[in-house]
Amino acid sequence: MEDAQVERYARHIVLKEVGGAGQQKLLKSSVLCIGAGGLGSPLIMYLAAAGVGTIGIVDDDAVALSNLQRQVLHRTGDIGLHKTDSARAAVADINPEVVVHVHRTRLDADNAADLIRDYDLVCDGSDNFLTRFALHDACFRARKPLVSAAVLRFDGQLATWRGYEADKPCYRCLYPDIPPEEQTCAQDGVLGAIVGVMGTLQATEAVKELLRLGEGLAGRLLIYDGLAASFRTLKVRPDPECPLCGNGGS
Ligand code: ZN
């Protein structure tokens with residue numbers, strides 16, 4: 001590492017669990033982030049600041065005034081820009097060492113495998129079940145860890161999916177198929193800081209997965225109740241009848 005890198009990442013390097021070797025690993029890592037919105041904002045900013053070497057950003061949306069209440073990656077002057085372009089500029093401001101690949105598209109079952117192929121880890125900050133299921137199934141098949149966050153109103157959820165490992169559940173063990181009705185932040189609202197909490201926790205888990213630190217969230221679901229100011233974790237077990245990882249699909 002160059003002197004400026006040693007200084008930039010000094011608070012990581014001094015952590016004995018990270019150290020110089022861990023920081024080097026982050027610099028060589030690549031993470032694909034689905035969505036440059038509310039969850040993607042703190043996620044992308046913290047991954048960039050942490051020195052994750054390559055960050056991919058998938059989003060097909062443009063910045064709108066109604067995004068700015070929570071999507072802190074984007075500024076008032078960015079309204080009308082593609083979110084991928086606004087996000088790329090924000091990352092360059094935070095840490096110009098980071099290589100950003102933008103994918104201005106909507107992830108679906110047809111392109112998911114191609115999009116995730118070159119990355120070590122995938123983070124889901126999307127806002128709909130179609131994307132969520134397509135992404136999860138592609139990550140499962142490619143044996144790629146997926147850190148997935150979701151928010152609504154005052155509540156958040158976070159989990160890591162590594163269902164391709166024998167003792168770990170997949171997303172479809174919890175939700176076998178796409179629910180018929182979807183609640184959205186556009187309809188039901190979301191407190192801005194809730195996405196900040198969950199996107200930041202997602203960045204924490206992403207760095208932990210990359211460095212294999214501590215206890216991950218594979219096999220657990222973290223639930224944040226913002227109104228009660230409480231966190232709890234539920235165990236999620238592999239379902240032998242799961243349509244994807246169990247016997248249910250064969
Ligand atoms: Zn499963």
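Visitor: Which residue forms a salt bridge with E165?
Guide: This is a predicted model, where local features need pLDDT of at least 70, side-chain atom pairs count only at pLDDT 80 or more, and totals for chains, interfaces and linings use all residues. Residues are numbered from 1 along each chain as its sequence is written, and side-chain values use heavy atoms, with hydrogens and water left out. A salt bridge here is a side-chain nitrogen of Lys or Arg within 4 Å of a carboxyl oxygen of Asp or Glu. For E165, the closest N and O atoms are 2.8 Å apart, and the partner is R162.

Visitor: Is R162 buried or exposed?
Guide: Buried means under 20% relative accessible area, exposed over 50%, and partly exposed in between (1.4 Å probe, protein chains only). R162 has 8% relative accessibility, so R162 counts as buried.

Visitor: How many salt bridges does a search of the whole structure find?
Guide: One of them pairs D85 with R88, with the closest N and O atoms 3.5 Å apart. Searching the whole structure gives a total of 12.

Visitor: Which residues coordinate the zinc ion?
Guide: Donors are N, O and S atoms within 2.8 Å of the metal (3.2 Å for Na, K and Ca); water is not among the atoms, so sites may look incomplete. Here the SG atoms sit at 2.2 to 2.3 Å from the zinc ion, and they belong to C170, C173, C242 and C245.
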